[in-house]
Structures are given as C-alpha cells and as structure tokens.
Amino acid sequence: KPAIAHFIHLDGYVRYYLFSLICTYILVLLTVAFAETKLLPSDEDHLHSPNPMVKWLIYLSLMTSSFILTDFQWPGYSDQLSFILLLLMASIPMTAQARLATLALCLVNHDGIALALLPVILCCFPKQERVTALLGVGLFYVVVAAGYGFSVHRAFQGQQTVSDSGAGPVWEAALQGPGFFVASLFFTYKLLWIAPALAAAMLWTQKDKATLTAIVGIIFFPVLLTLIAWDTTRVAGFGWLGLLIALGILMREWNRQPKVYRYALLALTS
C-alpha cells in the first residue's frame with residue numbers, strides 16, 4: 001500500500017491519508033457489491049431481499065466493524081488493500097494463475113493477514129489449487145524467518161509479541177487481564193458476534209458441514225492470532241469475510257422465518 005501510494009505520488013502525511021480514505025471507500029463499495037450480488041436473496045432464488053431500510057442498518061453495522069474502522073484509527077496500516085484483493089477473488093471469475101497472483105499480492109502487503117488467509121485457502125480455493133497456494137504462503141514465511149535469522153525470539157520481538165521493556169508477551173497480558181481482552185474482541189463486531197453462532201446452528205441443523213467449517217475457520221482463526229498481536233480488535237477483524245458469509249446465510253432466511261426472527265436480526269445490527 002505505501003509502495004502504490006509512492007508510485008502514484010500520494011505519499012506524505014496528507015496525501016497518504018487521502019489515499020487511505022480512497023482505499024476504504026473502495027472496500028466499502030466492494031463489500032456492498034459482494035453482499036448484493038453473492039449473499040442477499042434475489043427473485044431468482046424465489047426469495048425477496050430485505051427492504052432498503054433493513055439493508056441500510058445491516059450495512060451500517062458492518063461498516064462500523066473493525067475491518068472498516070481500523071483505517072480511520074490507523075491509516076498507515078495496509079489491511080484494506082488485502083481486503084480489497086480478497087473481495088476481488090471472491091467476486092470476479094479468475095484463472096488459477098490470477099488467484100495465485102492475487103494471493104501473492106496479499107502476502108507481500110501484510111504478513112499477519114497472509115497468515116489469516118490459511119482458512120480461506122483451505123475452505124474457499126478449488127481443491128486442485130490449495131497445495132500450490134499453501135506452498136506459496138509457506139515460502140513467504142520461510143523468507144520472513146530468514147530475515148530474522150530463523151530466530152523465533154527475534155521474530156516475536158520484531159512483531160512486538162514479546163518486548164525487552166518488561167511489558168511481557170501478549171498472551172501473558174491476555175491472561176492477566178481477561179476482561180479487557182474479551183472487551184477488545186467484542187468491539188471487533190459488537191453484537192454481530194451472535195450472527196456466526198446463529199448461522200452455525202442453522203448449518204448444523206441442515207448438515208452443511210462444509211459451509212459451517214468455513215465460517216468457523218475464517219472467523220475464529222484470526223482470534224487465535226490475537227494472542228501474538230497487541231492490537232486485538234484489529235487482528236480479530238481479519239476474519240470479517242466469514243462474518244459476511246454468516247450474515248448472508250441469515251439474510252436468506254429473512255422471508256422464511258417469523259417476525260420474531262426478523263426483529264432479532266435487526267437487533268443485532270442496531
């Protein structure tokens with residue numbers, strides 16, 4: 001992201017901030033487009049989509065989740081560019097080479113997000129491409145490890161997982177202050193955390209284990225990464241694609257369920 005900004009002469013404090021806002025706008029646009037075309041029911045499904053006001057509330061709740069708000073808090077992070085690339089892979093038909101190239105761009109954009117892509121590769125990539133994609137991720141982290149002299153301690157210091165200042169490792173801080181840690185996780189999606197639980201229960205009843213595994217893996221694998229990264233709310237938000245899919249599953253039940261279901265779903269997005 002900084003390299004692209006420099007190339008198009010949008011570096012510097014003010015111009016780079018504007019560039020970050022442009023990336024956020026593109027991410028918002030692609031998120032809405034992905035939901036409208038891939039997740040929400042349509043007349044072709046013989047189902048009706050929720051009315052515009054309901055969808056507006058859903059989108060408002062999504063856009064105030066950490067994967068969007070992070071760019072306003074820390075515009076220097078490159079997260080949004082990886083999220084944009086991920087949505088392009090999910091929305092646009094691609095060849096195997098194009099998917100691998102897009103994955104490679106995600107890898108060089110941010111190392112933490114690259115690790116969070118593992119469940120996406122395992123659950124969403126075509127079977128014949130998964131090994132190649134995983135090898136690409138593995139090769140990337142071999143290069144990263146070589147940069148730290150294959151020292152785990154130096155790597156953790158470089159990522160501020162452990163510190164010489166006496167602050168201790170991240171997982172120790174999480175154990176000593178569990179309330180603060182849980183609160184940090186909560187603000188990633190707020191009440192929308194309930195949506196994956198509802199979708200998981202629905203998929204379990206329908207015996208759709210593949211989709212259930214995908215949602216759980218994509219959403220909760222980044223939660224494990226919060227034990228080695230201080231910015232808990234931001235890192236937990238790396239699983240936002242799973243949340244989006246879970247919301248899509250609930251939205252497809254909008255007209256099939258009683259009004260109590262609809263009111264409960266609206267309460268999640270308020």
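Analyst: **A bent helix and its surroundings**

Helix α14, which covers residues 209-225, has 17 residues and reaches 24 Å from its first C-alpha to its last, close to the 24 Å expected at 1.5 Å a residue; the expected span is 1.5 Å times one less than the number of residues. Helices here are DSSP runs of H or I with at least four residues, strands are runs of E with at least two, and both are numbered from the N terminus. The model is a predicted one, in which local features need pLDDT of at least 70 and side-chain atom pairs count only at pLDDT 80 or more, while totals for chains, interfaces and linings use all residues. Residues are numbered from 1 along each chain as its sequence is written, and side-chain values use heavy atoms, with hydrogens and water left out.

At Gly-217, α14 bends by about 25°, the bend being the angle between axes fitted to the seven residues ending at a residue and the seven starting there.

The buried residues of α14 are Leu-212, Ala-214, Ile-215, Ile-218, Ile-219, Pro-222, Val-223 and Leu-225. Buried means under 20% relative accessible area, exposed means over 50%, and partly exposed lies in between, with a 1.4 Å probe and protein chains only. Among the elements that cover these residues of α14 are α7 (111-116), α8 (118-124), α12 (178-189), α13 (194-206), α15 and α16 (240-251).

A salt bridge is a side-chain nitrogen of Lys or Arg within 4 Å of a carboxyl oxygen of Asp or Glu, and side chains of opposite charge can pair when their charged atoms come close. Both Asp-79 and Arg-234 are buried.

By this rule the chain has five salt bridges. In another of them, Lys-1 and Asp-71 meet through their side chains at 3.3 Å, N to O, and they too link distant parts of the chain, because Lys-1 sits in the segment before α1 (2-7) and Asp-71 in helix α4, 70 residues apart. Lys-1 counts as buried because its relative accessible area is 6%, and Asp-71 is buried because its value is 1%.

Glu-129 forms a salt bridge with Arg-99, the closest N and O atoms being 2.7 Å apart. Glu-129 lies in helix α9 (residues 127-147) and Arg-99 in helix α6 (residues 96-109), so this pair ties together parts that are 30 residues apart in sequence. Glu-129 counts as buried because its relative accessibility is 12%, and Arg-99 is buried because its relative accessible area is 16%.

Of the contacts with a separation of 6 or more, 67% join residues 24 or more positions apart, a contact being heavy atoms within 4.5 Å.
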